[in-house]
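Please read this briefing alongside the sequence and the 3D structure. It begins with one question and then goes topic by topic.

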Amino acid sequence: MRRRAGLVLLALAVFCAAMAPTLRWYAFPRLAKIPPNQYQETVLEAKPATLLDYSTLRAEKVDKITIIQTLKGNVEESRRIERDAGRDVVVWDALAYITGPDGKMVSKVPERYIFDAYTQDPVHATGESVDGDPVRREGIEFKWPFLTEKRDYQYFDAQTRTSAPIHYEGTRTFRGMEVYYFEQTIPWTRVPMPKTMPVKIPPEVIAESGLSRWYTTKRMFWIEPVTGAPVNGEEIHKEELRNAKALMGRDTVTVFEGHVKMREDYVRSVGEMVSSNRLMVLMLVSYLPWSLTFLALLFLALALWLEARSRRPAPEPDAAPVTPPV
């Protein structure tokens, strides 16, 4: 019985020892992925801010500017692209909708972001765009990879339609959660005019006057490293119209300037969502593999102990008492 139990324990030890690396190195890269139908909404605010009043063509101080950013998974497009790409692909139809203090639209910029569901690397396919213009992304946008590393990444800037390094600036604690802090500064760069604005300026007028739009920003992200999800994001943002004297009477006009931050209720909801997803990822990469490794060692120790006990020589029977002769 001891030898049979030892063999069973040995088989369990081998099974657990094989499953531990299988979960970490085989199952995790295939199970941890972004769902194609994900929907997420985030509200950011700049309080106070400077905003161009198109009725007077003057920049004015306002109490608040609101940016509503939505990410909506396009399942139909994902399936179409997957047939050619041969891998799981996520298509996000994103929209940045900006409103002034009166709730009226200032501008809106749609995007289509196509990326690998597991690695978050961009996938180049028809439809990849920003504000209707075809683009070819390099690097990440919106989300970092699972198990984010302490290093710089290439981050795509939708305004300039280019990628630039976003720098790892250290590990910090954000509301009790350990996060990686990343920072990127885009210097003053000429960028295209938004296609949707309160006032439509004909392209020929822009060409004749030489009017141009310029932009700079300091972008900051607090990233939960296990899931690669941002738990907070901020931008110190400024936009100008230059060579504007012919149309506005001044050479340079501020279009928008402010420190954009996530609204408090969305910071809380994003933190709760990231915490629950973090637990699922940790189950695959840490908790289950280490638990199986511990069980494998325990079963092996018990099997060896039973084997050792089964090999001990049986005790010799006591000698019969000698009867003295009569």
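Leaving aside its neighbours within four places in sequence, which residues is A296 in contact with? A296 is in contact with A13, C16 and A17, where contact means heavy atoms within 4.5 Å. This is a predicted model, in which local features need pLDDT of at least 70 and side-chain atom pairs count only at pLDDT 80 or more, while totals for chains, interfaces and linings use all residues. Residues are numbered from 1 along each chain as its sequence is written, and side-chain values use heavy atoms, with hydrogens and water left out.

**Overall form**

- The protein has five helices and 13 strands; helices (H or I, at least four residues) and strands (E, at least two) are DSSP runs, numbered from the N terminus.
- With a radius of gyration of 31 Å, well over the 20 Å that the globule rule gives for 326 residues, the protein is more spread out than a compact globule. The radius is taken over C-alpha atoms, and the globule rule is 2.2 Å times the number of residues to the power 0.38.
- The C-alpha trace spans about 140 × 45 × 30 Å along the principal axes of the protein.
- Of the 326 residues in the protein, 43% are buried. Buried means under 20% relative accessible area, exposed means over 50%, and partly exposed is in between (1.4 Å probe, protein chains only).
- Among contacts with a separation of 6 or more, 60% are between residues 24 or more positions apart.
- The accessible surface of the protein is about 18500 Å², and carbon and sulfur atoms hold 58% of this surface. Accessible areas come from the Shrake-Rupley method with a 1.4 Å probe, and for residues only the protein chains shown count as cover.

**Helix residues**

- A296 lies in helix 5, which covers residues 264–310, and is buried, with a relative accessible area of 8%.
- A296 and A13 are 283 residues apart along the chain, yet their C-alpha atoms are separated by 4.0 Å.
- R30 belongs to helix 1, residues 2–31, and is partly exposed at a relative accessible area of 43%.
- Neighbours within four places in sequence aside, R30 is in contact with W25 and Y118.
- Between the C-alpha atoms of R30 and D84, 54 residues apart along the chain, the separation is 19 Å.

**Strand residues**

- L52 is in strand 1 and counts as buried at 4% relative accessibility.
- Not counting residues up to four places away in sequence, L52 touches L57, R58, A59, L241, V253, T254 and V255.
- K261 sits in strand 13, residues 252–262, and its relative accessible area of 41% makes it partly exposed.
- Residues up to four places away in sequence excluded, K261 touches V43, L44, E45, G233 and E234.
- K261 and I67 are 194 residues apart in sequence and 9.5 Å apart in space, C-alpha to C-alpha.

**Backbone details**

- K47 and P48 are joined by a cis peptide bond with omega of about -15 degrees, and P48 is found in strand 1.
- L147, a residue other than glycine, has a positive phi near 55 degrees. L147 is in the loop between strand 7 (133–134) and strand 8 (153–157), and is partly exposed, with a relative accessible area of 29%.
- R161 is also other than glycine and has a positive phi, near 65 degrees. The loop that holds R161 runs between strand 8 and strand 9 (162–174).

**The second largest pocket**

- About 300 Å³ of space lies in the second largest pocket. On a 1 Å grid over the protein atoms alone, a pocket is an open set of points where a 1.4 Å probe fits, with protein on both sides within 12 Å along at least five of seven lines. Grid points are joined across faces, edges and corners, and a volume is the space filled by probe spheres set on the points.
- The lining has 14 residues, of which L51, L52, D53, Y54 and D102 lie nearest the centre of the pocket; lining residues have an atom within 4 Å of a point.
- Strand 1 (39–53), strand 2 (58–62) and strand 5 (105–116) each supply at least two lining residues. Strand 1 gives the largest share, three residues.
- By class, the lining has eight nonpolar, two polar and four charged residues. Ala, Val, Leu, Ile, Met, Phe, Trp, Tyr, Cys and Pro count as nonpolar, Asp, Glu, Lys and Arg as charged, and the others, Gly among them, as polar.
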